[in-house]
Amino acid sequence: MIIDVPDGKDPLVYVWGELVPGIGPAAAAFSAAVYAHSTLALREFEAARLTIARVNGCLFCLDYRTERDGQRVEDGFFDEVTAWRTSSVLGERERLAAEYAERFATEHHGLDEDFWSRMRAAYDD
């Protein structure tokens with residue numbers, strides 16, 4: 001989507017605050033709830049979030065790093081998540097979080113029993 005943003009306006013503030021003012025606060029509240037109430041560990045959460053950002057090409061999301069209790073993922077984490085198939089740095093749950101996010105975004109009907117067996121071995125319901 002291409003939107004003409006008036007000179008001097010911040011694109012995010014303009015779109016979410018002026019063009020769709022009812023949706024902006026609702027989207028912000030939903031996003032805040034996801035960040036505040038996730039049961040995933042920080043690295044697992046970021047593996048999934050950064051993978052979705054990569055697939056969607058969201059430059060804002062790619063640049064952002066979630067912080068919890070003063071902690072953030074280390075520099076280079078995004079590169080490891082991008083190479084989740086071969087990364088020797090990511091743990092099994094982090095690789096699965098990245099795999100799930102990528103497959104959900106690109107081929108969600110292809111999440112087969114093999115994948116779900118691996119997920120169930122690493123995560124409980």
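Predicted model: local features only at pLDDT ≥ 70, side-chain atom pairs only at ≥ 80, totals over all residues.
Good morning. The largest pocket of this protein holds about 1,200 Å³ of space. A pocket here is found on a 1 Å grid over the protein atoms alone: it is an open set of points where a 1.4 Å probe fits, with protein on both sides within 12 Å along at least five of seven lines. The grid points are joined across faces, edges and corners, and the volume is the space filled by probe spheres set on those points.

Residues are numbered from 1 along each chain as its sequence is written, and side-chain values use heavy atoms, with hydrogens and water left out.

Let me turn to the overall architecture. The protein has seven helices and zero strands, and its pattern along the sequence reads α-α-α-α-α-α-α. Helices (H or I, at least four residues) and strands (E, at least two) are DSSP runs, numbered from the N terminus. The C-alpha trace spans about 50 × 35 × 25 Å along its principal axes. Of the 125 residues, 26% count as buried; buried means under 20% relative accessible area, exposed means over 50%, and partly exposed lies in between, using a 1.4 Å probe and protein chains only. Among contacts between residues at least 6 apart in sequence, 45% join residues at least 24 apart, where contact means heavy atoms within 4.5 Å.

Two or more lining residues come from each of helix H1 (11-19), helix H2 (23-37), helix H3 (42-56), helix H4 (59-63), H6 and H7. Which helix gives the largest share of the lining? That helix is H2, with seven residues. By class, the lining has 27 nonpolar, four polar and four charged residues. In this scheme Ala, Val, Leu, Ile, Met, Phe, Trp, Tyr, Cys and Pro count as nonpolar, Asp, Glu, Lys and Arg as charged, and the others, Gly among them, as polar.

Arginine 49 sits in helix H3. Is arginine 49 buried or exposed? Its relative accessible area is 12%, so arginine 49 is buried. Not counting residues up to four places away in sequence, arginine 49 touches Tyr35, Cys61, Tyr64, Arg65 and Thr66. Its C-alpha lies 16 Å from that of glutamine 71, a residue 22 places away in sequence.

The next topic is a pair of helices. The axes of helix H6 (residues 92-107) and helix H7 (residues 113-122) come within 10 Å and cross at roughly 140°. The axes are lines fitted to C-alpha atoms over the stretch in contact, and angles run from 0 to 180 degrees between N-to-C directions. On the H6 side, the contact is made by Arg93, Leu96, Glu99, Tyr100 and Arg103, and on the H7 side by Phe115, Trp116, Arg118, Met119 and Ala122. By class, this contact has six nonpolar, no polar and four charged residues.

Finally, I will consider the loops. Two residues of interest lie between H4 and H5: aspartate 69 and valine 73. Aspartate 69 has a relative accessible area of 81% and is therefore exposed. Its phi is near 50°, a positive value in a residue other than glycine. For context, most residues other than glycine have a negative phi. Valine 73, by contrast, counts as buried because its relative accessibility is 9%. Leaving aside residues up to four places away in sequence, valine 73 touches Leu42, Arg43, Glu46 and Arg65.

In the loop between helix H5 (77-82) and H6 we find serine 87. With a relative accessible area of 9%, serine 87 is buried, and it touches Glu80 and Arg95, not counting residues up to four places away in sequence.

Thank you for your attention.

Conventions. 1 Å grid on protein atoms, 1.4 Å probe; cavity = no way out; pocket = protein on both sides within 12 Å on 5 of 7 lines; lining within 4 Å.
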